[in-house]
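Here are my notes on the model, as numbered points. Please read them with the coordinates open.

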Amino acid sequence: MKASKIVIDYEEYDSLSEMEPLDRELVLAAIEGQAGSYAPYSGFNVGAAVRLEDGTIVKGSNQENSAYPPGLCAERTAMFAASAHNPGKAFESIAIVGGFGFTQADSPCAPCGACRQVMAEYQTKSGRPMSIIMYGKTKTLKFSKVEDILPVIFDSFDEKER
């Protein structure tokens with residue numbers, strides 16, 4: 001047996017003003033995206049924004065449905081729209097915000113497991129790291145790659161296994 005350890009590096013910010021201008025712009029776009037949230041059941045409104053390699057920003061928001069499974073998270077609406085309307089362009093970064101009643105929570109809004117897996121696949125597809133920004137009014141976390149929030153990624157693209 002061999003014992004191993006996974007180490008996760010990330011940056012932590014106390015306010016938007018501490019962030020790099022491009023990251024701040026992406027968080028503000030995610031806040032704008034949050035305005036399109038449809039969350040009558042949970043009341044938790046989430047916005048996301050994806051920056052593509054050419055600088056294009058695509059926004060998304062969570063969309064609930066009374067039959068719960070058909071709903072979709074903000075992160076996936078943003079990523080799927082970005083991919084559908086900009087085929088072949090790599091994702092550079094994604095920002096996520098969330099809070100009740102169209103506000104932003106104090107603590108970071110983290111993506112669910114399904115969204116993390118979708119992020120992993122787009123990152124793998126592009127062949128380059130995608131940073132993830134989880135915004136909170138009093139604490140924001142930035143991770144430089146998807147492996148930092150989803151260690152031991154399932155990767156169906158591994159040609160050696162086929």
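1. First, a term. Two strands count as paired if DSSP finds at least two bridges between them. The model is predicted, and β2 and β3 meet that criterion with 5 bridges, in the antiparallel sense.

2. The hairpin. β2 and β3 form a hairpin with 4 residues between them. G55 sits in the turn and has a positive phi of about 95°.

3. D54 counts as partly exposed because its relative accessibility is 41%, between the 20% and 50% cut-offs. Its side chain makes a polar contact of 2.6 Å with the side chain of K89. D54 and F44 are 10 residues apart in sequence, yet their C-alpha atoms are 31 Å apart in space.

4. Aromatic pairs. How many aromatic pairs does the structure hold? There are 4. One of them joins F44 and F100 edge-to-face, at 5.0 Å centre to centre and 70° between the planes. This pair links distant parts of the chain: F44 is in strand β2, F100 is in strand β4 (residues 91-100), and 56 residues separate them. F44 counts as partly exposed, with a relative accessibility of 25%. F100 is exposed, because its relative accessible area of 56% is over the 50% cut-off.

5. A stacked pair. F91 and Y122 form an aromatic pair that is stacked, at 4.5 Å centre to centre and 25° between the planes. This pair also links distant parts of the chain, with F91 in strand β4 and Y122 in helix α3 (residues 113-126), 31 residues apart. Are these two residues buried or exposed? F91 is buried, and so is Y122.

6. The largest pocket. Its volume is about 260 Å³. The lining has 17 residues. Nearest the centre lie V46, N62, L72, C73 and A74. Both β2 and α2 (74-85) supply at least two residues each to the lining. By class, the lining has 10 nonpolar, 5 polar and 2 charged residues.

Terms used: Residues are numbered from 1 along each chain as its sequence is written. This is a predicted model: local features need pLDDT of at least 70, side-chain atom pairs count only at pLDDT 80 or more; totals for chains, interfaces and linings use all residues. Side-chain values use heavy atoms; hydrogens and water are left out. Buried means under 20% relative accessible area, exposed over 50%, partly exposed in between (1.4 Å probe, protein chains only). A polar contact is a pair of N or O atoms within 3.5 Å; within protein, one must be able to donate a hydrogen and the other to accept it, and residues adjacent in sequence count only if both atoms are side-chain atoms. On a 1 Å grid over the protein atoms alone, a cavity is a set of points where a 1.4 Å probe fits but cannot get out, and a pocket is an open set with protein on both sides within 12 Å along at least five of seven lines; lining residues have an atom within 4 Å of a point. Grid points are joined across faces, edges and corners, and a volume is the space filled by probe spheres set on the points. Ala, Val, Leu, Ile, Met, Phe, Trp, Tyr, Cys and Pro count as nonpolar, Asp, Glu, Lys and Arg as charged, and the others, Gly among them, as polar. Rings of Phe, Tyr and Trp (its six-membered ring) pair if their centres lie within 6.5 Å; planes under 30 degrees apart count as stacked, over 60 as edge-to-face and the rest as tilted.
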